[in-house]
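Please keep the structure open beside them as you read.

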Amino acid sequence: MIKQTILATFAIALLSAHEPGGFRIKGKISGQVEGKKVYLKYADIPSKTVLDSTVIRNGEFTFSGTAATPRFYSLVFKNDEPTNRMLQDRVINLFAANNDNISVTAPYDSLKKEIDLYSGGGTSLAAMVSGSAGNDLFLQYYRQKNVFDEETDQYFDGYIAYLNPGKDKEKGPREIGMNLCRNMDVVEKKRKAFLMDFVLHNKPSEVLAFIALQAAEQRSIDIKEIDRLMQHFVGASEKGMLTEHFLQKAASNKQAAVGSMVMDFTLQDTTGAQHRLKDYIGKGKYVLFEFWASWCGPCRADIPHLREVHALYNKKGFEIVSISLDDDKEKWLKAIREEKMKWTQLSDLKAFDSELAKNYRIRGIPSCLLFDPQGKLVTRNMRGSWMDAALIDMYGDLFAKH
């Protein structure tokens, strides 16, 4: 093991080779792993800092260290095979706290890759981890959440197949896509209820704060539910780094959660004239803020559908405001002309540095926000067949008459 002492992120955790009262992680990995390098990193707060590293010998490795409060760590097994794909290292994520004597056993080829856990908060269930009460609690949560995730994935695979039936094949009836989306919504409702119940019926802790943040990041969560999560931790006698991080992030997330009122931002139209977002709200219409960019292939693939629903439902009171995350005005204007987008077009030409995008947690595009006539955020998920179902619910089925 390479022994080193590193003052880590937030100056909270100090890792070293032999600190009394600290934690110990002993791993035994089967497969072609002799000589493979293993890194110890944080998995809870994004950071590239390597806390420690070692090499697998006879299928085994060991890390030791101390942590001021329980933390979620990554054991990262370096991929030595040539690849042009990103995030191909295999990982085991786990909670560790002082006085934990943790044993990890796993078959290397069954471990998940970093790309599979890119959204954060997950681990490789193929690994057997013992010796950490905090990790036992996390796994109790994660195994059940994973059941919901796998069910959603099955419906989503069917939805992708519906959207892309293959060359020279026509897409199936609109109802097929809407039913798949409705099924995913049912699973999402169950998953959110489970997350809320798990947090609110367990004693506040650093592990639970990490789980609570996963709940607070759900697209479907509303501001009242975030308040309930936060209240569960406000009175905690001890607030470690993860609890403080959760409370800070949850408070920030409230402004962009379902049930929040539209934020007051000013953007420019294609002529350079300035417009407040609030000016489009409160006129008896549902308003969709559609985030896109000229360079975004999936965004532009969605535009024919937007043209269709705008033509059918605009006269009923449905308005679209496209907000570009371009930084090149000429490319933005060229794309608008090419796509024949006849509805309102706005941008601040700052791409993902846009304060609007940051405040609304727009981390990828296409993304959308639907506001009701009073300016309240109704949903963050109104794409494709979800949009069709929502429009039918709000205004009736105009597709059948089209």
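**Notes on the predicted model**

1. Let's start with a lysine. K28 is partly exposed, with a relative accessible area of 43%; here buried means under 20% relative accessible area, exposed over 50%, and partly exposed in between (1.4 Å probe, protein chains only). Its partner is E60, and the two side chains meet in a salt bridge at 3.6 Å, N to O. The pair ties together distant parts of the chain, with K28 in strand β3 (residues 23-30) and E60 in strand β6 (residues 60-65), 32 residues apart. E60 is partly exposed as well, at 31% relative accessible area. A salt bridge means a side-chain nitrogen of Lys or Arg within 4 Å of a carboxyl oxygen of Asp or Glu.

2. A word on reading the values. This is a predicted model, in which local features need pLDDT of at least 70 and side-chain atom pairs count only at pLDDT 80 or more, while totals for chains, interfaces and linings use all residues. Residues are numbered from 1 along each chain as its sequence is written, and side-chain values use heavy atoms, with hydrogens and water left out. Helices (H or I, at least four residues) and strands (E, at least two) are DSSP runs, numbered from the N terminus.

3. More on salt bridges: how many does a search of the whole structure find? The search finds 23. One of them joins the side chains of E217 and R363 at 3.2 Å, N to O. This pair also links distant parts of the chain: E217 is in the loop between α3 (206-216) and α4 (223-234), R363 is in the loop between α8 and β16, and 146 residues separate them. E217 counts as partly exposed at 24% relative accessibility, whereas R363 is exposed at 56%.

4. E339 sits in helix α7 (residues 329-339) and R300 in helix α6, 39 residues apart, so the pair links distant parts of the chain. E339 is buried, with a relative accessible area of 12%. Both residues belong to a network of salt bridges that links R300, R307, K334, E338 and E339.

5. Now the cysteines. The structure holds one disulfide, a term used for a pair of cysteine sulfur atoms within 2.5 Å. Which residues does the disulfide join? They are C296 and C299, with 2.3 Å from S to S. The link is right-handed, with 75° about the S-S bond. Both ends are buried: C296 has a relative accessible area of 4% and C299 has 1%. C181 is in no disulfide, and the nearest cysteine sulfur, that of C368, is 12 Å away. C181 is buried at 1%. C368 is in no disulfide either; the nearest cysteine sulfur to C368 is that of C299, 11 Å away. C368 is buried at 3%.

6. Helix α9 (residues 384-395) deserves a look. Nine of its 12 residues are buried, so α9 is largely enclosed by the rest of the structure. Among the buried ones are W386, M387, L391, I392 and Y395. The cover over the buried residues includes α1, α2 (174-200), β13 (286-292), α6 (297-313) and β14 (318-324), where contact means heavy atoms within 4.5 Å. The end C-alpha atoms of α9 are 17 Å apart, which agrees with the 16 Å that its 12 residues should span at 1.5 Å a residue; the expected span is 1.5 Å times one less than the number of residues. Just after α9, G396 takes a positive phi of about 95°.

7. Some backbone points to check by eye. Most residues other than glycine have a negative phi, and most peptide bonds are trans. N99 has a positive phi of about 75° although it is not a glycine, and N99 lies in the loop between β8 (90-96) and β9 (101-107). N99 is exposed, at 63% relative accessible area. D168 has a positive phi of about 65° and is not a glycine; D168 is in the loop between α1 and α2 and is exposed at 77%. A cis peptide bond joins I365 and P366, with omega about 5°. P366 is in the loop between α8 (355-359) and β16 (367-371).
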